[in-house]
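Have a look at the sequence and the 3D view, and then we'll walk through some of the details.

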Amino acid sequence: MQKICIFPRICRTVLAKSQCKILVNNVVAFEKPLGWRIIQQRTFSGQKNQHREKSTAHITPWQWILLVIPATSFGLGCWQVQRKKWKEDLIANLQVKTTQNPAELPDNLDDLTDLEYRPVIIRGTFLHEKELYMGPRSFIQHGDAQSKSGVFSKQGNTVGYNVITPLKLEGREEIILVNRGWVPRNRLNPATRSAGQIPNTVQLIGIVRLNENRPQFSPESKGDHFLYRDLGRMCSITGANPYFVDAVEASTVPEGPIGGQTRITVRNEHLSYIITWFSLSAATVFVWYRQILKRKPF
């Protein structure tokens, strides 16, 4: 009866006494849970917002700056992905160039600067008395080159020198430098491989190479021994023009240097760099999230 009193006029004019009691009971029954749900929802959402504000309020500007580390390492990882693709394209391009059909030596030798790693046909006579040596070098094996040549006196002798010999071109006055190939250290003296010192006119295929800059921390070359392809100094000693080719493996003669010593492999370690940078980025993000954002010690 006390609940019906809150709607006295409505109950007298519209509904009977019994109907009014049912209506009021229903309103009260539904009104209380509904209001409780609204209040409860507002309370929970307010707690979540307060928790979110508390989780970020204690982060100092210096701690935000620490996110530069994962961001930078992630950027370096993306850069290494691009570098890896560039290096793979470069290696594939070099392999295609060295396997093309050999072209005739151009009349203007200056055109060789645009033909690096391209094979060319060369005819001329070697000037063996002016040969130079570049090394020490490891032997580059192509196919069964070791079994085709007789320069190996015993197995395991794979450290030696490349023999660089001036060649006077047939019917021309120019002289170019030819890397005839590799010989072991104990056959460096021409007298130990006299059968391979061809005196007649030869025809060979050579891979065009350009000048090589001095490697960092590399000492200066002395005498007729060179550590790298220093065309300026090689030409000043031999009187050759500044053009250089590597004889291919097929140009190897018995008891002579082993050709095919062109290195077309380029160092490609970008995959390991990619893994390193991305791993560093992920690890530093995880540490920042756990230690600074969540305040959870390890």
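In what follows, a contact, or one residue touching another, means heavy atoms within 4.5 Å. What you're looking at is a predicted model, where local features need pLDDT of at least 70, side-chain atom pairs count only at pLDDT 80 or more, and totals for chains, interfaces and linings use all residues. Residues are numbered from 1 along each chain as its sequence is written, and side-chain values use heavy atoms, with hydrogens and water left out.

**The big picture**

The protein's secondary structure comes to seven helices and eight strands. Both are DSSP runs numbered from the N terminus: helices are H or I with at least four residues, strands are E with at least two. Of its 298 residues, 35% count as buried. Here buried means under 20% relative accessible area, exposed means over 50%, and partly exposed is in between, using a 1.4 Å probe and protein chains only. Take the contacts in the protein with a separation of 6 or more: residues 24 or more positions apart account for 69% of them.

**Contacts across the sequence**

Let's start with Asn200, in the loop between β5 and β6. Asn200 is exposed, at 52% relative accessible area. Leaving out residues up to four places away in sequence, Asn200 touches Gly124 and Thr125. Ile237, in helix α6, is partly exposed at 41% relative accessibility. Val96 sits in helix α4, residues 68–98, and counts as partly exposed at 47%.

| Pair | Apart in sequence | C-alpha to C-alpha |
|---|---|---|
| Asn200 and Gly124 | 76 residues | 8.4 Å |
| Val96 and Arg118 | 22 residues | 9.1 Å |
| Ile237 and Glu131 | 106 residues | 9.8 Å |

**Helix α6 and its buried side**

Which residues of helix α6 are buried? In this helix, residues 231–238, they are Leu231, Met234, Cys235 and Thr238. They cover an arc of only 95° around the axis, so they sit on the same side of α6; the arc is that of the directions from the helix axis to the C-beta atoms. What do these buried residues pack against? Their partners are five strands: β3 (132–138), β4 (159–169), β5 (175–184), β7 (225–226) and β8 (244–247). Just after α6 comes Gly239, with a positive phi of about 80°.

Cys235, with a relative accessible area of 11%, is buried, while Cys78 is partly exposed at 30%. How many disulfides does the structure hold? The count is zero, where a disulfide is a pair of cysteine sulfur atoms within 2.5 Å.

**The largest pocket**

The largest pocket holds about 400 Å³ of space. To find pockets, a 1 Å grid is laid over the protein atoms alone; a pocket is an open set of points where a 1.4 Å probe fits, with protein on both sides within 12 Å along at least five of seven lines, and lining residues have an atom within 4 Å of a point. Grid points are joined across faces, edges and corners, and the volume is the space filled by probe spheres set on the points.

The pocket is lined by 18 residues, and the closest to its centre are Tyr117, Arg209, Glu212, Arg229 and Arg263. Strand β3 gives the largest share of the lining, three residues, and β3 and β8 each supply at least two. By class, the lining has seven nonpolar, five polar and six charged residues. Nonpolar covers Ala, Val, Leu, Ile, Met, Phe, Trp, Tyr, Cys and Pro; charged covers Asp, Glu, Lys and Arg; the others, Gly among them, are polar.

**Some backbone details**

Tyr117 has a positive phi of about 70°, although it is not a glycine. Tyr117 lies in the loop between β1 (103–104) and β2 (119–126) and is buried, at 12% relative accessible area. Phe217 also has a positive phi of about 70° without being a glycine. Its loop runs between β6 (202–209) and β7, and Phe217 is exposed, at 77% relative accessibility.

One last stop is strand β3, where Pro136 is found. The peptide bond from Gly135 to Pro136 is cis, with omega near 5°.
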